[in-house]
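Reader: I am new to protein models. Can you walk me through one, feature by feature?

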Amino acid sequence: MEAMSENKMVPSDFSTGPMEKAAKPLPFKDPNFVHSGHGGAVAGKKNRTWKNLKQILAAERALPWQLNDPNYFSIDAPPSFKPAKKYSDVSGLLANYTDPQSKLRFSTIEEFSYIRRLPSDVVTGYLALRKATSIVP
Amino acid sequence: MAAASVAGPAANVFPFRDFRAAPDPVLEAGPVAHGPLPVPLVLDNGSFQARAGWACPGPDPGPEPRLQFRAVCARGRGGARGGAGPQVGNALGSLEPLRWMLRSPFDRNVPVNLELQELLLDYSFQHLGVSSQGCVDHPIVLTEAVCNPLYSRQMMSELLFECYGIPKVAYGIDSLFSFYHNKPKNLTSSGLIISSGYQCTHILPILEGRLDAKNCKRINLGGSQAAGYLQRLLQLKYPGHLAAITLSRMEEILHEHSYIAEDYVEELQKWRCPDYYENNVHKMQLPFSSKLLGSTLTSEEKQERRQQQLRRLQELNARRREEKLQLDQERLDRLLYVQELLEDGQMDQFHKALIELNMDSPEELQSYIQKLSSAVEQAKQKILQAEVNLEVDVVDSKPETPDLEQLEPSLEDVESINDFEPLFSEETPEVEKPVTTVQPVFNLAAYHQLFVGTERIRAPEIIFQPSLIGEEQAGIAETLQYILDRYPKDVQEMLVQNVFLTGGNMMYPGMKVRIEKELLEMRPFQSSFQVQLASNPVLDAWYGARDWALDHLEDSEVWITRKEYEEKGGEYFKEHCASNIYVPIRLPKQASRSSEAPASGKGSGASGGGAGE
């Protein structure tokens with residue numbers, strides 16, 4: 001059995017025109033090509049998916065980099081040193097106040113009454129937007 | 001917060017365009033591609049859009065890249081149809097119905113899924129009219145991420161060389177190509193590139209025409225994070241329109257209705273004022289159908305229908321009762337006859353009859369007769385009552401009083417209407433609403449508008465303040481300062497004289513002014529700086545790559561040939577003015593797949609192409 005890519009049929013056909021809609025062999029490709037990355041180094045039935053970026057970077061870290069070599073994870077921007085400004089979750093204006101019950105930030109009285117009337121899923125949504133969801137339920 | 005009244009100005013109401021891409025035609029390569037030398041193909045492989053075209057030598061620098069399509073693919077709807085196979089880019093038309101089935105080869109800005117990349121390349125080659133047999137016989141210029149992981153470059157080289165059989169390839173960084181395209185004298189000068197794309201934003205210092213890679217920084221925020229943020233903001237504000245607030249519409253709002261504030265805090269203060277808000281809020285009109293209008297007007301018809309159903313039910317029940325009554329009556333008659341037999345003293349017949357009736361003694365017969373007769377009486381009573389109710393229903397035709405009230409006396413009716421209860425519970429609230437004919441027209445349109453006020457500046461602001469979205473990384477301004485501080489003062493001076501902005505996410509109105517303001521804040525008093533925006537931030541990378549390809553056609557020191565790929569491995573590449581920095585680390589070659597047959601349907605193979613070991 002020849003190794004085949006997804007949309008290849010019989011490798012002996014190299015016509016330019018489409019034969020059938022179902023499996024049209026593209027003439028400029030090698031129909032016997034198989035990705036070696038698919039399945040990874042530990043090939044076989046288990047590992048059939050592509051590595052995602054996290055896995056690739058984890059593997060890259062293990063390579064013998066020198067201290068000054070640029071690589072993908074060394075050029076990540078550093079975390080911020082300046083304190084973040086607080087903005088209202090609802091309107092985006094500068095927020096001076098925080099609701100102790102729901103931990104949402106607000107800037108005016110109307111916003112406060114709006115916040116107090118929100119259903120809990122919307123409240124969680126606003127907090128998740130800021131990644132401020134608390135671990136304790 | 002939504003202070004705008006219904007009767008506000010009709011200005012600032014914008015419809016959604018809901019753009020739908022037309023499928024690309026299969027272009028003919030044209031005579032220019034079959035020149036004496038194979039013409040290079042330039043492919044700007046972006047996570048948002050892929051742009052492909054020929055680098056045609058000759059007097060005419062050439063128009064836009066022939067193909068520009070979203071770098072996504074999806075299978076046809078309705079499960080995996082055997083025939084059609086995955087569709088790519090513009091052949092998908094509108095992206096929204098397939099939103100959950102869209103797959104992209106990219107993970108952040110690095111291609112990781114090379115099968116999907118293969119599909120995108122197939123699509124590009126096919127539609128550009130590549131007609132060579134057995135291999136793609138053109139050199140390829142491909143863009144890659146800054147400091148592309150070696151593994152991903154290896155995979156990409158493998159795909160290009162093994163599957164497509166290209167003669168030579170060159171990898172470059174898109175923002176550098178754009179930089180050199182805009183100012184040819186940049187090839188020897190220094191500068192600072194701020195390039196913001198779909199998935200991340202890079203700040204790249206250039207020294208003497210060459211990338212200073214160890215001082216580059218990348219912020220993992222770009223257009224897609226801004227679109228996601230805007231979508232969640234609007235969905236939380238308008239929970240009723242959850243499904244209508246789609247990512248494509250968010251991108252439309254970002255591209256056309258958002259801007260970067262020069263001074264964020266000051267701009268927010270302006271937005272506090274209701275007049276400013278009124279004048280500057282953009283009300284995005286969601287499409288809505290006036291069928292809703294029609295349904296409220298026929299609520300009376302619905303009530304009519306309900307009454308009819310009630311009546312039918314009652315009639316049905318009455319008929320059932322009558323039948324039962326008849327049956328019971330007959331049975332009662334028989335039993336009475338048997339009882340008479342007893343009274344008349346015909347014991348034998350009586351006993352026979354008892355056995356037929358399955359009873360043991362005259363007492364049982366008696367009790368049974370009593371039960372039956374009382375049941376018959378009750379049935380007659382109920383029939384009378386039901387008839388009275390029916391008459392009452394017919395007389396009383398007020399639509400607003402719930403009809404269930406009148407059914408209470410006849411419990412049987414209520415039981416059988418339990419099936420219809422869901423229907424009723426939906427509709428009774430509507431009964432309470434006054435059915436007005438004039439107001440709904442305006443209410444409906446205003447109900448389907450999304451008021452985009454401060455969101456216009458909030459969403460693009462995340463690259464300056466990632467804390468808005470909860471990211472810990474520093475924003476552009478702080479990262480810029482961090483990078484500049486790593487250089488001596490004279491080099492800093494040189495770098496800020498040539499700040500260059502590129503990338504699709506830089507196209508907000510007010511971006512250049514904002515960067516200038518940030519630089520003003522961080523540079524020493526009365527020092528100068530110069531900020532320039534790319535002439536076409538989206539396509540300049542492709543133009544730059546094309547110009548580069550034409551300049552370096554003959555130069556063998558920048559292309560990686562197939563021979564070199566086989567000798568030195570896929571992660572090998574050659575440096576040039578617009579490339580990454582090469583670090584000589586060899587990756588172990590990935591083991592070619594063994595003879596297992598994986599589920600993707602590829603047949604087992606002795607060795608995956610290329611060096612079979």
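Reader: What pLDDT does chain A average?

Author: Start there, as this is a predicted model. Chain A averages a pLDDT of 74, and 64% of its residues score at least 70. Over residues 1-23 of chain A the pLDDT is below 50, and this stretch has 50 contacts in the model beyond near neighbours in sequence. The pLDDT is also below 50 over residues 39-43 of chain A, a stretch with 11 such contacts.

Reader: Now chain B. How many helices and strands does chain B have?

Author: Chain B has 21 helices and 19 strands. It counts 613 residues, and 52% of them are buried. Take its contacts between residues at least 6 apart in sequence: 70% join residues at least 24 apart.

Reader: In which order do the strands of the open sheet in chain B lie?

Author: First the general idea. Strands of a sheet pair through backbone hydrogen bonds, either parallel or antiparallel. Here, the open sheet of 6 strands runs β4-β3-β2-β9-β10-β19 in chain B, and its pairing is mixed.

Reader: Which strands stand at the edges?

Author: In chain B, β4 (67-70) and β19 (560-561) do. Each has a single partner strand, so one side of each is left without a neighbour in the sheet. Further in, β2 (residues 41-45) and β3 (residues 49-54) of chain B run antiparallel, joined by 5 bridges. One residue pair to look for is B:Asp44 with its bridge partner B:Arg51 in β3(B). Helix α20 (residues 540-551) of chain B packs on this sheet. This helix touches β2, β3, β9 and β10 of chain B, and its direction makes about 150° with that of β2(B).

Reader: Is helix α4 of chain B enclosed or open, and why?

Author: Count buried residues. In α4(B), 14 of the 15 residues are buried, so the helix is largely enclosed by the rest of the structure. At 1.5 Å a residue, α4 (residues 223-237) of chain B should span 21 Å, and its end C-alpha atoms are 21 Å apart, which agrees.

Reader: What does UniProt place at residues 86-115 of chain A?

Author: The unreviewed UniProt entry gives "domain: Vps72/YL1 C-terminal" there, at residues 86-115 of chain A. In the model, this span is 23% helix and 13% strand, with its end C-alpha atoms 16 Å apart.

Reader: Last one. Is A:Trp65 buried or exposed?

Author: Compare its accessibility with the 20% cut-off. A:Trp65 has 19% relative accessibility, so it counts as buried. It is found in the loop between α1 (53-61) and β1 (97-98) of chain A. A:Trp65 touches residues of both chains, including A:Phe73, B:Leu150 and B:Ile585.

Definitions and conventions:
Residues are numbered from 1 along each chain as its sequence is written. Chains are lettered from A and ligands numbered from 1 in the order in which they are written. This is a predicted model: local features need pLDDT of at least 70, side-chain atom pairs count only at pLDDT 80 or more; totals for chains, interfaces and linings use all residues. Side-chain values use heavy atoms; hydrogens and water are left out. pLDDT is the predictor's confidence in each residue, from 0 to 100. Contact means heavy atoms within 4.5 Å. Two strands pair if DSSP finds at least two bridges between them. Helices (H or I, at least four residues) and strands (E, at least two) are DSSP runs, numbered from the N terminus. Axes are lines fitted to C-alpha atoms, for helices over the stretch in contact, and angles run from 0 to 180 degrees between N-to-C directions. The expected span of a helix is 1.5 Å times one less than its number of residues. Buried means under 20% relative accessible area, exposed over 50%, partly exposed in between (1.4 Å probe, protein chains only). UniProt positions are given in the numbering used here, feature names are shortened, and annotations may be inferred rather than shown by experiment. Lists of a residue's contacts leave out its neighbours within four places in sequence.
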